[in-house]
Amino acid sequence: GMVPLRVRRIDGSINQLSLRSIRVNVELQPGTGGSGTIVSIRDEDPNGEGSLFKIENHSPFQIFVSQDGVLANPASGLLRNDTSLSCDMVQPGERTSYALDVPWRQGKYAGRTSASVSELLLLRCALAPLSTRDGVESTKVVCFSRVGDSIRLSPSRLSSVGSYLATELLGVRVLGVIGTDGPTRTLRFILMQKEVTPTGYFGNAMRDTISPMPSFMAAESAPHNNDDDDDDRTKALLDAATNASALLNAGSLPDEREATKQAFFGTGICKRLPLEMSGKANPNLHEDNIDPGDEVSCELQMKGFLFSIIDSSPTELAVVSLHGVRVGASWNTLGKEYARSTIVVGWLQLDNHCPNSVYPVAMRPWMKTEESWKEEGVDIKHVEKPFTADRPFLELKIDFAPRHRTGIQSLSAGASLHDVEIFLDLAFILRMQRWWLGIQDHAMGASGRSAGFIDSRESWDLPNIEHLLMRRTQTIGQQSMMYFHRLTILPCKVRLSVAPTNCLTRHQEEFEGEEASAIHAAVRKGDLLVGEGSGVLGVKIGSKNQTAISVVQGMLKSILVDALLRCDGASLNFEGVALFNHTSNSPQLVTYLGAHYLASLIANVPSLIGSLAAFGNPLGLIRDLGDGVSDFVNEPVKGFKKSFEEMDPSFALSGVARGTGSLARHTVGGFVDSAAMLTETAAKNMAVLTLDRRYAQRRDRVMKLKANDAKAATILKGLESGIQKLVNGVLEGVTGVVSKPIRGAERSGLEGFAKGVGKGLLGLIMKPVIGTTDLLTDTLIGVKGSIEGDNSQGMLSLYSQVRPRRALYGRDRVVKPYRIDDATAATIQSKLCIGGEEYLSHVDMVKNVALMSVKRLLVLSGDGEELILLRFKDIRKVEVMPQDDEGFVITIFLHEVKPDGSDIEKVECEEERTANLLCEKLTEAIRNTS
């Protein structure tokens, strides 16, 4: 934490005693012992500007202060045994920083090792030196840690002013109020008028009677004293009392309510320093500048936002959705109160819309498992959906203090982030990176600083973090300072899964464009760039393996990238942040937070390595075994407890059964899952060794049997899928011996024939082995699915995308307002024979659906069968005719006669409006094609 300390230095005489306060920040780094203690020291402004604590004296009296609980000032023994100086003096019109002489002391009560911060910040205040009689009579204690705390010092108790002035001052008090001035706690003293009661007169008379003032101490007859300091203090006290009496008689003193406002808000007389005190009434005392202002508050509740990310092709790369957004704010119109703001995001999800993506959802909150819901007594079927979590995804609260006079922004902030699941494939990362660099290039080109950045590069790199940090460091002096009373970021967990990518189909390559397809192919081949020259991570596109060495290097590179980057469910723990009384600017804060989370990430490296699929995800296996053992112990205990409560032994038996079943399920499932990962990784690497790129692409496009598929995996389905892949592997190997040499000869003659023979023989050996490995993998996945049943099926809906990929219209791919029916039709089209063509339109005819690309018409039946496929340039005209019984028929006239002798195609439709709509769209498409 941060504490202010008083440093005292004596230079010669007593009058040259100089006071200085320093700010000491102590930070204990966890886990490093004594070597992890960081102490930073900074001087504070003597007048209190920007200091932690400050005292302002707006009264004509001298104010004497000292830290409470300290018997003597540390400097008092050095000042010729002058006990009258065992305190600090604040002159009228002076403002000064306040600090602690003793930052630690023993607690007052038994068993306490140290005093609390609130006890250390207790301040004794008086109108005379604390060790004198007047000081004792007028001393009050105030706590600097409590905003709004106040004291009232009575000048009438001062014997040095004489009985006459003491009686005059019965209606005067010196009010001290604790307020805030940005990051500074301020104690302001101001004169106030108090109603005089008979008790006051009686008290003064009794005080003089019981303990009369000796004649040599009376102010009116005090002889000359050799001590010049005492004479000066007595004279200053008499002048202050006389001024206060004059202000009271002139009616220039505010009442208690008015004085409290001025002292707390720093307005009115408290706004001007130094003060000009005289015997005349100050006309500015009643300055009307204490309006507290109005309180304004607002709250916005929104169902959500959705942001569509589209690249320059254009194609939709991703969708960011925010659900349950709530924004609240409250502030003072004059800025005299804390301005508070709250931002709550109930759910945030990032959907990956790149085709053939390994993970359709790139980021979402980490939801509870079915077991967790059951432990809380919640039926998984009744979990609210969609897009709701057990707590908000993000909660951000910021409180802004009134503006400080130095311009330092003072605030308190807190943030809470829900545990997150992140699913990434490298192609998605690099395409998003290219999109961001394209925006940067567009912005720079618009300002005349750059142009053609994206189109002129063969690699696209992530930003160079070191360069960015250096650039930020150079601009630190230009940033405004911020003071954080408190900055709290709660810890969170991240579950990370990473995969390289899947290959695109021919139609997908045509639709995505050459550059996007090249990125997918380069990532699949492992052409990644790592190092200083390419930032953190980049990709090189368009490379080809021309020699045998480059072919071997490419194989090893692809295997290495797949092995080192494929991880499944790595659990990363990020520690929270807690800063108190922290002053910095934006770049410094970003650097601190970046270093903090980078250290947390480095601490999670063992977890990342242990979650690699190449090693069978050993940490996942350990987690499964731990969960099983935990349930094996806890479930019987819960059952026994409930049996005693309900007096029913069946609960105990049920608990034992649940614990045993969970142990068996987690144990077998963990080992099976690890074994399946090992066999799957081996099959992928062997597919690379076949040197048959098309075969590897076909394997990627085959629907994999996963435990989280739409239908639960079982042993039978696993065997069925595995046997099918084994048969395909044997057939691929046998047919490749013949087809590869023929294809190679057609392309490159004798050299191609020789290469084809080599690939065919290699495939004859490797592809059946790959099929056998796939059989083992799918069988293991089926075993796991049979053991776990449909445990994960109830949560599948929570992991779906927010909506289908956006439809882009026509040859120019025009972006229009989103329509889910068009998006669904475009998604269906992308998986059919016209998938490589741009989407144009569709018409839903209830029983059938007509899909139109920019080139062709495709009519599908309700079960997905292709009924009609025509090119627009082959259509002559379209007409709508009513049928004899009911409904309508769209007659399509062709330019040429079909093999069956007919030159027309008919499409039946039940409604006339739908038939006319299809006719209009076909006519327009024919006209645009011609």
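Ile63 stands opposite Val90 in strand S6. Here helices (H or I, at least four residues) and strands (E, at least two residues) are DSSP runs, numbered from the N terminus. Ile63 belongs to strand S5, which covers residues 63-67. Three bridges join S5 to S6 (residues 88-90), and the two strands run antiparallel. Two strands are said to pair if DSSP finds at least two bridges between them. Strand S5 is also joined to strand S8 (residues 122-126), in this case by four bridges, and these strands run antiparallel as well. Within this second pairing, Val65 stands opposite Cys125 in S8.

Five of the five residues of S5 are buried, so the strand is largely enclosed by the rest of the structure. A residue is called buried under 20% relative accessible area, exposed over 50%, and partly exposed in between (1.4 Å probe, protein chains only). Which residues of S5 lie on each of its faces? Ile63, Val65 and Gln67 are on one side, Phe64 and Ser66 are on the other, and all of them are buried.

## Basis of the description

This is a predicted model, in which local features need pLDDT of at least 70 and side-chain atom pairs count only at pLDDT 80 or more, while totals for chains, interfaces and linings use all residues. Residues are numbered from 1 along each chain as its sequence is written, and side-chain values use heavy atoms, with hydrogens and water left out.

## The chain as a whole

The protein chain contains 20 helices and 32 strands. Of its 930 residues, 43% are buried. Its accessible surface comes to about 47900 Å², and carbon and sulfur atoms account for 58% of that area. Such areas come from the Shrake-Rupley method with a 1.4 Å probe; for residues, only the protein chains shown count as cover.

A contact means heavy atoms within 4.5 Å. Among the contacts in the chain with a separation of 6 or more, 65% are between residues 24 or more positions apart.

## Salt bridges

A search of the whole structure finds 30 salt bridges, each being a side-chain nitrogen of Lys or Arg within 4 Å of a carboxyl oxygen of Asp or Glu. One of them joins the side chains of Arg23 and Glu44, at 3.4 Å from N to O. Arg23 lies in strand S2 (residues 18-28) and Glu44 in the loop between strand S3 (37-43) and strand S4 (53-57), so this pair ties together parts that are 21 residues apart in sequence. Arg23 is buried, with a relative accessible area of 11%, and Glu44 is buried at 7%.

Another salt bridge is formed by Arg805 and Glu512, whose closest N and O atoms are 2.9 Å apart. Arg805 is in the loop between helix H18 (715-788) and helix H19 (820-830), whereas Glu512 is in helix H10 (residues 506-512), so the pair ties together parts that are 293 residues apart in sequence. Arg805 is buried, with a relative accessible area of 16%, and Glu512 is buried at 2%. Salt bridges with shared partners join Asp311, Arg431, Glu512 and Arg805 into one network.

## Helix H19

Which residues of H19 are buried? They are Asp822, Ala823, Ala825, Ala826 and Gln829. These residues cover an arc of only 165° around the axis, which puts them on the same side of H19. The arc is that of the directions from the helix axis to the C-beta atoms. Strand S26 (839-845) and strand S27 (848-853) are included in what covers the buried residues of H19.
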